[in-house]
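Please take a first look at the protein chain below. Keep the display open while you read.

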Amino acid sequence: MSMKNVPNILTVSRIFAVLIFVVLATFAEKDNMSAQAVFGVRLAAYILAILAGLTDLLDGYIARRYNFVSDFGALMDPLADKIFVTGTMLMAVEYRLMPAWIAVAVLCREFMVTGLRTLAAKKQVVISADRWGKLKTALQMVMLGIAGAAWVIDGGTQYMHDAVWFGVRLWHLWLIYLTGIVIVTIGSGLGYFIKYRKLYLPEK
């Protein structure tokens with residue numbers, strides 16, 4: 001195996017990891033398993049999701065560090081990222097760890113920016129992630145990490161919806177954090193469309 005294929009292998013493994021995560025998360029129900037088995041399945045799914053997220057950092061680092069750039073990687077890496085975010089957020093909505101509108105807002109931005117990048121690629125323009133895009137990604141990863149931990153503990157229902165911190169329901173604090181992520185996510189997306197407006201606006 002050539003070292004140049006390592007980033008691509010990590011990218012493909014991320015897609016398969018997300019698929020396995022979704023399957024495990026779907027069957028992690030107390031109705032058909034004991035409490036200990038449910039906890040084990042949830043923990044395995046959570047660890048798998050974390051590893052999938054880490055491959056995103058690792059394949060990007062290797063590709064940049066050793067200049068292992070390929071057409072396959074340029075196509076599949078953003079796609080794998082979107083599959084990861086979509087799969088994990090859908091599970092978060094399924095288990096009432098976030099409102100559906102949060103997931104819809106974030107995913108709409110992700111796919112719109114992907115479309116812009118596709119258009120840019122056709123015109124031989126590279127759109128690199130700016131600091132707001134990197135902040136958005138970091139906030140989303142923290143969000144998924146917290147939601148996943150709450151889900152492993154008790155499915156997220158009691159811990160996120162009923163727990164009270166310093167007289168304030170944790171769910172309200174969580175909604176504030178999620179809303180902040182949506183603002184940063186949409187704002188960073190608008191920044192790309194404003195900066196690269198020449199790609200889609202007619203020339204004067």
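This briefing walks through the chain by topic.

The model is predicted. Its protein chain has a mean pLDDT of 85, and 97% of its residues reach 70 or more.

**Confidence**

- Confidence in the chain is highest in helix α7, residues 170-195, at a mean of 93.
- It is lowest in helix α6, residues 157-161, where the mean is 73.
- Where pLDDT is low, the predicted coordinates should not be read in detail.

- Helix α2 runs over residues 35-65, which makes 31 residues.
- From its first C-alpha to its last, α2 reaches 45 Å. That is close to the 45 Å expected at 1.5 Å a residue.
- Is Leu 54 buried, partly exposed or exposed? Its relative accessibility is 45%, so Leu 54 counts as partly exposed.

- Side chains of opposite charge can pair when their charged atoms come close.
- How many salt bridges does a search of the whole structure find? The search finds seven.
- One of them joins Arg 14 and Asp 56, with the closest N and O atoms 3.8 Å apart. Arg 14 lies in helix α1 (residues 6-27) and Asp 56 in helix α2, so this pair ties together parts that are 42 residues apart in sequence.
- The two partners differ in cover. Arg 14 counts as buried because its relative accessibility is 1%, under the 20% cut-off. Asp 56 has 23%, so it counts as partly exposed.
- Arg 14 also meets Asp 59 in a salt bridge, at 3.0 Å from N to O. This pair links distant parts of the chain, with Arg 14 in helix α1 and Asp 59 in helix α2, 45 residues apart. Both Arg 14 and Asp 59 are buried.
- Asp 81 is another partner of Arg 14, and their side chains meet in a salt bridge of 3.0 Å, N to O. Asp 81 sits in helix α3 and Arg 14 in helix α1, so the pair ties together parts that are 67 residues apart in sequence.
- Asp 81 is buried, with a relative accessible area of 19%.
- Which residues do shared partners join into one network? Salt bridges that share partners join Arg 14, Asp 56, Asp 59, Asp 77 and Asp 81.

- Phe 84 lies in helix α3, which spans residues 71-94.
- The relative accessible area of Phe 84 is 8%, so this residue counts as buried.
- What is Phe 84 in contact with, leaving aside its neighbours within four places in sequence? The contacts are Val 18, Ala 49, Ala 52, Gly 53, Met 141 and Leu 144.
- Phe 84 and Trp 174 are 90 residues apart in sequence. In space, they are 21 Å apart, C-alpha to C-alpha.
- Glu 110 is found in helix α4, residues 100-122.
- Glu 110 is buried too, because its relative accessible area is 3%.
- Leaving aside neighbours within four places in sequence, Glu 110 is in contact with Lys 82, Lys 136 and Gln 140.

**Positive phi in two loops**

- Arg 96 is found in the loop between α3 and α4. Its phi is near 60 degrees, a positive value in a residue other than glycine.
- Arg 96 has a relative accessible area of 45%, so it is partly exposed.
- Gln 124 lies in the loop between α4 and α5, the latter covering 131-154. Gln 124 is not a glycine, yet it has a positive phi of about 60 degrees.
- Is Gln 124 buried or exposed? Gln 124 is exposed, because its relative accessible area of 76% is over the 50% cut-off.

Key: Residues numbered from 1 in each chain as written. Predicted model: local features only at pLDDT ≥ 70, side-chain atom pairs only at ≥ 80, totals over all residues. Heavy atoms only, no water. Helix = DSSP H or I, 4+ residues; strand = E, 2+ residues; numbered from the N terminus. Buried < 20%, exposed > 50% of the residue type's maximum accessible area, 1.4 Å probe, protein only. Contact = heavy atoms within 4.5 Å. Expected span 1.5 Å × (residues − 1). pLDDT = per-residue confidence, 0-100. Salt bridge = Lys/Arg side-chain N within 4 Å of Asp/Glu carboxyl O.
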